[in-house]
Amino acid sequence: MIVQRVVLNSRPGKNGSPVAENFRIEEVNLPDNINEGQVQVKTLYLSVDPYMRCKMNEDTGTDYIAPWQLSQVADGGGVGVVEESKHTSLTKGDFVTSFYWPWQTRAILDGNSLEKVDAQLVDGHLSYFLGAIGMPGLTSLIGIQEKGHIIAGSNQTMVVSGAAGACGSLAGQIGHLLGCSRVVGICGTQEKCLFLTSELGFDAAINYKKGSVAEQLRESCPAGVDVYFDNVGGDISDTVISQMNQNSHIILCGQISQYNKDVPYPPPLPPAIEAIQKDRNITRERFLVLNYRDKFEPGILQLSRWFKEGKLKIKETVINGLENMGAAFQSMMTGGNIGKQIVCISEISL
């Protein structure tokens, strides 16, 4: 059977910005037979995420993310349906997900590498397993629970940068649900600001491309900042940290402003900002959601419950077609998405 796949065509260079042309689409032959323990899957949805920028370098800078190889198929979060199975616990028609799903229309995979998912948890929106009811949702929830130190009823103010993205759009809502009295988002367009305040319940939103972030932050957070969910790093984060309160907390989710630069993760703070951090006893610890696997199952159930109760609003930007993976990745890295960026490879009616 002939299938299409997307491979890494070129590397952008450690300090370069990724473009769609870094990827190319090609056709390959899928074997007719599968071996014991394997399944043949049809790909339904694929995810593009900021962490993948690291996979485009020869060295990802981390021990838990492997680099993509030139002319080899790219991979990431994916959801699909089993078409044929020689695995004892998976049968035809099962919906499955993996963090290492190959970017191709169909694939033969080791059944042990797949996790069966229940479509009822997402009311049939299978792509949500790549976003709010998946790794971005868990990253936001567990990150806030473990590093945010939110105490309901204590009038805490939370600031979220990259607030209209996959994690940020969830983090602000979760901050409210767990007891923050004020949540302020920072993003890059007026459309995103309006989306945060009118649809997601943020108390205020700041467009960092318009006017002084420091001034807008002082207006939006008159009592200072107690919890900072940091998706971006760089100048925006330096500005937020300078307005954080004594004994406050930073949740280091990502540093997208630094991903096209050859710097360590998490990037060191400028000396003046580091002095503020130490002087005010602000915690800034690296957070890696993969270290909290024991919290995944209860986390997914909690996120699903909030979604079904209408307390967690889910937003996606969907692009259709495997041939658009590169374009979707480039768009996501430059803020073209609101909510989770998803690529629909094939639709299925439930």
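A salt bridge is defined here as a side-chain nitrogen of Lys or Arg within 4 Å of a carboxyl oxygen of Asp or Glu. The structure is a predicted model, in which local features need pLDDT of at least 70 and side-chain atom pairs count only at pLDDT 80 or more, while totals for chains, interfaces and linings use all residues. Residues are numbered from 1 along each chain as its sequence is written, and side-chain values use heavy atoms, with hydrogens and water left out.

By the salt-bridge rule the count comes to 12. One of them joins the side chains of Arg 24 and Glu 26, at 3.5 Å from N to O. This pair belongs to a network of salt bridges that links Arg 5, Arg 24 and Glu 26. Accessibility was classed by relative accessible area: buried means under 20%, exposed over 50%, and partly exposed in between, with a 1.4 Å probe and protein chains only. Arg 24 counts as partly exposed because its relative accessibility is 31%.

A second salt bridge connects Glu 285 with Lys 147, and their closest N and O atoms are 2.6 Å apart. The pair links distant parts of the chain, 138 residues apart: Glu 285 is in strand 13 (residues 283-286) and Lys 147 is in helix 2 (residues 135-147). Helices (H or I, at least four residues) and strands (E, at least two) are DSSP runs, numbered from the N terminus. The two partners fall in separate accessibility classes. Glu 285 has 41% relative accessibility, so it counts as partly exposed. Lys 147 has a relative accessible area of 14%, so it is buried.

A further salt bridge is formed by the side chains of Asp 294 and Lys 295, at 3.7 Å from N to O. Asp 294 is exposed, because its relative accessible area is 58%. Lys 295 is partly exposed, because its relative accessibility is 29%.

Aromatic rings were examined next. Rings of Phe, Tyr and Trp (its six-membered ring) pair if their centres lie within 6.5 Å; planes under 30 degrees apart count as stacked, over 60 as edge-to-face and the rest as tilted. By this rule the count comes to 8 aromatic pairs. One is formed by Phe 23 and Trp 68, whose ring centres are 5.8 Å apart and whose planes stand at 75°, so the pair is edge-to-face. These partners lie 45 residues apart, with Phe 23 in strand 2 (residues 23-29) and Trp 68 in the loop between helix 1 (52-55) and strand 4 (75-85). Both Phe 23 and Trp 68 are buried.

Trp 68 also pairs with Trp 103. The ring centres of Trp 68 and Trp 103 are 5.2 Å apart and the planes are at 65°, so this pair is edge-to-face as well. Trp 103 lies in the loop between strand 5 (95-102) and strand 6 (106-110), so the pair ties together parts that are 35 residues apart in sequence. Trp 68 is buried because its relative accessible area is 2%. For Trp 103 the value is 0%, so this residue is buried too. Phe 23, Trp 68, Trp 103 and Phe 329 form one aromatic cluster.

Val 7 is found in strand 1 (residues 2-8). Its relative accessibility is 0%, so Val 7 counts as buried. The C-alpha atoms of Val 7 and Trp 103 are separated by 7.8 Å, although the residues are 96 apart along the chain. Contact means heavy atoms within 4.5 Å.

The UniProt annotation "domain: Oxidoreductase N-terminal", from an unreviewed entry, covers residues 5-117. UniProt positions are given in the numbering used here, feature names are shortened, and annotations may be inferred rather than shown by experiment. The end C-alpha atoms of residues 5-117 lie 24 Å apart, and the span is 4% helix and 42% strand.

Strand 9 (residues 182-187) has 5 of its 6 residues buried, so it is largely enclosed by the rest of the structure. Two strands pair if DSSP finds at least two bridges between them. Strand 8 (residues 157-161) and strand 9 run parallel and are joined by 5 bridges. Val 183 in strand 9 is the bridge partner of Met 158.

Gln 243 lies in the loop between helix 6 (234-241) and strand 12 (244-252). Gln 243 is buried, because its relative accessible area is 13%. Not counting residues up to four places away in sequence, Gln 243 touches Ala 214, Leu 217, Arg 218, Gly 224, Val 225 and Arg 280.
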